[in-house]
Number of protein chains: 2
Amino acid sequence: MGSENREYEIQRRRVEVQVPPPKPFSSFLKSTLQETFFPDDPFKQLKNQSVRKKIMLGFQFFVPILEWAPRYTFEFFKADFISGITIASLAVPQGISYAGLAKLPPVIGLYSSFVPPLIYAMLGSSRDMAVGTVAVPSLLIASMLGKKVNPHQNAKLYVELVFAATFFSGVFQASLGLLRLGFIVDFLSHATIVGFMSGAATVVCLQQLKGILGLLQFTGEADLVNVMKSVFRQIHLWRWESGVLGCCFLLFLFTTRYFSKKKPKFFWISALAPLTSVILGSLLVYLTNAENHGVEIIGHLKKGLNPPSLLELEASFGSTYLSTAIKTGIITGIIALAEGIAVGRSFAVFKSYHIDGNKEMVAIGMMNIAGSCTSCYLTTGAFSRTAVNFNAGCKTAVSNIVMATAVMITLLFLTPLFYYTPIVVLSAIIMAAMISLIDYEAAIHLWSVDKFDFVVCMSAYIGVVFHSVETGLIIAVAISLLRILMFVARPKTSVMGSVSSSATYRSIEQYPDANLVPGVLILHINGPIYFANASYLRERILRWIDEEEDKLKCSAKNDLQYVILDMSAVGNIDTSGISMLEELKKNIDRKCIKLVLANPGGELMKKLDKSKFIDKIGHEWIYLTVGEAVDACNFMLHTCAAKTKADELESEAADNKV
Amino acid sequence: MGSENREYEIQRRRVEVQVPPPKPFSSFLKSTLQETFFPDDPFKQLKNQSVRKKIMLGFQFFVPILEWAPRYTFEFFKADFISGITIASLAVPQGISYAGLAKLPPVIGLYSSFVPPLIYAMLGSSRDMAVGTVAVPSLLIASMLGKKVNPHQNAKLYVELVFAATFFSGVFQASLGLLRLGFIVDFLSHATIVGFMSGAATVVCLQQLKGILGLLQFTGEADLVNVMKSVFRQIHLWRWESGVLGCCFLLFLFTTRYFSKKKPKFFWISALAPLTSVILGSLLVYLTNAENHGVEIIGHLKKGLNPPSLLELEASFGSTYLSTAIKTGIITGIIALAEGIAVGRSFAVFKSYHIDGNKEMVAIGMMNIAGSCTSCYLTTGAFSRTAVNFNAGCKTAVSNIVMATAVMITLLFLTPLFYYTPIVVLSAIIMAAMISLIDYEAAIHLWSVDKFDFVVCMSAYIGVVFHSVETGLIIAVAISLLRILMFVARPKTSVMGSVSSSATYRSIEQYPDANLVPGVLILHINGPIYFANASYLRERILRWIDEEEDKLKCSAKNDLQYVILDMSAVGNIDTSGISMLEELKKNIDRKCIKLVLANPGGELMKKLDKSKFIDKIGHEWIYLTVGEAVDACNFMLHTCAAKTKADELESEAADNKV
């Protein structure tokens, strides 16, 4: 009677595992595509609006300035003006310096701080991002294009190719955004970026030894070994004047940064330090005639605004190096995007507004396309400049317009003042900016939290420092992808037991006190069942069963009678996976063990149903929870045991009779 | 008092979510490597044995014949003898035919059915597999090598390269097995193989039109368009004699197959049909002198056993086409492995014994290395022959030895008998074998069960039929990998509700009757949180929250106060994922919503703990089950509501007093 009650109890409590309601294929396809390309539902606000309103909102969607300009106030302008001037004081020396890093004439760095910020102010949705040239893509351009065309011997062709690369970067970036493929940038993981940026910063710092030591000749390669060789081979050419000047300015820049870090409200001290260095350095050279004593200077800078560069672009399209330019454009474009999007997003989180990654890509892409037609090279959201902009209290993208205006004034009137600026100061500015990018603390954090991420990070770093920027990037991305494949190819399986007295079952690895259920093996599968892991899972599950049987044999306990597979974490299955389950069922049927499934999800149930696996296993052997499955198994075990006992007694009685 | 009781109840019941006990890094690394490379624990039986026993078992492990030979009986031999003779009758005509497919002299096909089966019998662990040449790799060899070297104009070099490709196939296969990298074969999913095999079979059938129509010239390409062009351009050269003969034999072969399928115990009728066709065809030609009337014949076949081919191998190593041979070897090697392993495993499941995939790879690899030194080309486990072997009742790999002996006798004495064998009969044999490989039923099954697998299958088919065998394979593998990446890049999130009255929470997509909990949003995340999906998940979770808030606003219900993330199916997390959770927490904290986690697994807890995220969220906000999390949220909601109400009453009372 007791057992009947129990059966009744189990049946009463039982909720059947459901196959989700059927959905037509078209709506399934639509929802899949929407989840893939529009996970953030960007056109949400257009719903249920009149056509006119829709068009207006659509315009505002693509040109955000239309949305916020009407609400712009004088208060905002005051804040934006101050921050705009502050970032301009950073943009001018950095622009000149990074152009040098890209092996371009310094004035192109200034051009690049004029047109792109104006475009971004119209199209961008970040309120804090300060746009300009950045170090790592500059270095990448020099290293990728420099391999094919010597920037000194063939300067005209080199500049043409740089514009072409910028153009293709822009086209690539904008199309990623328009096609909603922004998630490609996500494949550059945090660990990859930490390692890659640190590596690139190391390489850039090493290259600055050229400027600091006043060397005239230098290797075109960017890796540690070649750079150090080049430096030490020319030991007799080192200029102490240049070296002393460089070290002084480095010291100055570090001290101001340290001070500003200690007292954040004096952020402007470190923000103005580069411009101060340039002014001091230029004055020093002018007064001491140091240019004749081994201190190299910038020299003549062309006055005037950006000349159009359509002719150069056109010339490059006919060049034999066009494919190199396209490759460079795509790789630098994606790196620039990763930096720009990360910068925009970090500051948006601070101020709690939303940034649409795909829209940002379109904005960054458009500004690079426009830039490539007006003698600018690759620009994106720059981290250091954006941080200064944020600290200076900017309110909107108008600070970019203010910066562009300041750069315009510089271009129109102030370029002659840079004649005496020593190269060594620019090197010191770059070095000071780069050293803060070498993020060893993040690497230590990666090691302590996730060893695999540390491996990714270090391989990016080593690849960049010892071979080339592209190699490092490709290795790190490949290892990251391998991790995803390995997650799927080797899903974790673990034995489960009941946690304390409750009917909750958990892995005994995590809960070592969990109680195993005698005669029942409960296995948790932690990942989708796909072709890549079907064989593995079959082998592994059979091995668990063998091991359990061996253990039971040794302890002379009951036989293993049920295997419950907890499918809670099995997100999906494909036809190879279903064949595997069928094969597994055949295998363990032969051992007279019953296969039981617990909590298969909707996608799983749909496929198991369509492939008739549910009929094969029996719908009554699929349970909503592991607890229910265990109850059912226990019930069967006890009724069977009782029945066997009754049979034994009966036969004994019969024997006695005889 | 009631609420206090309830709190007590919740606390009493509560089991803390545990961080799994720490494990030293070395043991973690060891277990990871073991799971990756030795999931089936192949050396299990060597444990706890004496050194001598270990060595003996080790030998038996690598040379399975040592293990079963001592137990071999005469009963076994009788069975093996019958099945060996049966498969030999299939092997001889198929060997000659497939050599033609690979554009090799027919005798090499016979050689390949002599040495490799002997090697396999010693090293292989399958009891049913019949070894020999197979169609698809033969076709692949011809299409990949034939592109570089014309097999008719430059026959000697071509044969050398085929031996080299076979050698590299063997080396590649054996090293995959030795390095325990057999899982690479798993990346050829069931769907890929169905599409690829069907496509290859189609292509092979089309190519047989050459033999059937008695054409002398034919295109070297293997795609549909080129083959059909070649056939119809030569319409004036079609030979009706050949065509009629071909159709008759095709009809004969199909009829016998149909009959054997209907009555499985007459399997030998279809097994003997190819040899019968060859004999009938040869007799017919001999008697009618059809060789002078447009029916091409094999002609002279060299008598004698396999000559050594070390000199040819050596010559090929110096050839400029060595890299092509290596590429061909690797691609055909992996295809041959996939077929061989699948065949071995399927029949092992029937007879319920275990096959170690990696060990089989070593066996197949060794037999190809040995084969390449004795004038054989690529061999593997052939499906049709193995099925015949199984039906004929083979007991052990001795049936392979019997087959090899029969082939040896053929080579020594019977080759002259094949002089008059018409090519058209060989074409008919190939066509009949291939048409059964075009598995349209499997494709329909894929469509009904898993649309994505169907896409993979069709792209493999179309790629093979309209471009080339390699293209089809590469496209299918790329799409399959994309699916894995998309699973990780776009994990499914769904809202959960309680199922019936129990405290079990499940996705409302699967259980549309599930009850939502007011004021609490429960989200299920179905996949690991990795760099590739961190941005997506942040956007998607925030969108769920926004939508829920909008819904609540419309219905003027309580505000959303808690978001419970069910982490049961989140198998792993990396540092990008942890940053995402931190960012998400900041975002929803700002909305005054509390983030609660339910059931994070061991790996997750370890990393959340190390990255201090647990401290940030508070250990008390991590629950063992969704049910407990909901109870806690509900409890807080009610106490707060009660408190607010009490406050209101109090202030009202105070107002009243005033």
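Which residue in β6(B) is the bridge partner of L521(B)? In this predicted model, in which local features need pLDDT of at least 70, side-chain atom pairs count only at pLDDT 80 or more, and totals for chains, interfaces and linings use all residues, that partner is V563(B). Residues are numbered from 1 along each chain as its sequence is written, while chains are lettered from A and ligands numbered from 1 in the order in which they are written.

The pair belongs to strands β5 (residues 520–526) and β6 of chain B, which are joined in the parallel sense by five bridges; strands (E, at least two residues) and helices (H or I, at least four) are DSSP runs numbered from the N terminus, and two strands are taken to pair if DSSP finds at least two bridges between them. Five bridges also link β6(B) to β7 (residues 594–598) of chain B, again in parallel, with L565(B) opposite L597(B). Between β6(B) and β7(B) the chain passes through helix α25 (residues 575–590) of chain B in a right-handed β-α-β crossover (with the strands pointing away from the viewer, the path from the first strand over the helix to the second runs clockwise).

Strand β6 (residues 562–566) of chain B is mostly covered, five of its five residues being buried (20 or more other C-beta atoms within 10 Å of the residue's own, with C-beta atoms placed from the backbone). In a regular strand, side chains alternate between the two faces of the sheet. Accordingly, Y562(B), I564(B) and D566(B) point one way from β6(B), and V563(B) and L565(B) the other way.

The open sheet of chain B comprises six strands in the order β4-β3-β5-β6-β7-β8, with mixed pairing. Strands β4 (505–507) and β8 (622–623) of chain B each have a single partner strand, so one side of each lacks a neighbour in the sheet. An antiparallel pairing of three bridges connects β3 (residues 492–498) of chain B to β4(B), and G497(B) stands opposite R506(B) there. Helix α24 (residues 531–555) of chain B lies across β3, β5 and β6 of chain B, at about 155 degrees to β5(B); axes are lines fitted to C-alpha atoms, for helices over the stretch in contact, and angles run from 0 to 180 degrees between N-to-C directions.

In chain A, an open sheet of six strands likewise has the order β4-β3-β5-β6-β7-β8. The contact between the chains takes 74 residues from chain A and 74 residues from chain B (residues are in contact if their C-beta atoms, placed from the backbone, lie within 7 Å).

Note on methods: Two residues are in contact if their C-beta atoms, placed from the backbone, lie within 7 Å. A residue is buried if 20 or more other C-beta atoms lie within 10 Å of its own, exposed if 12 or fewer, and partly exposed in between; C-beta atoms are placed from the backbone.
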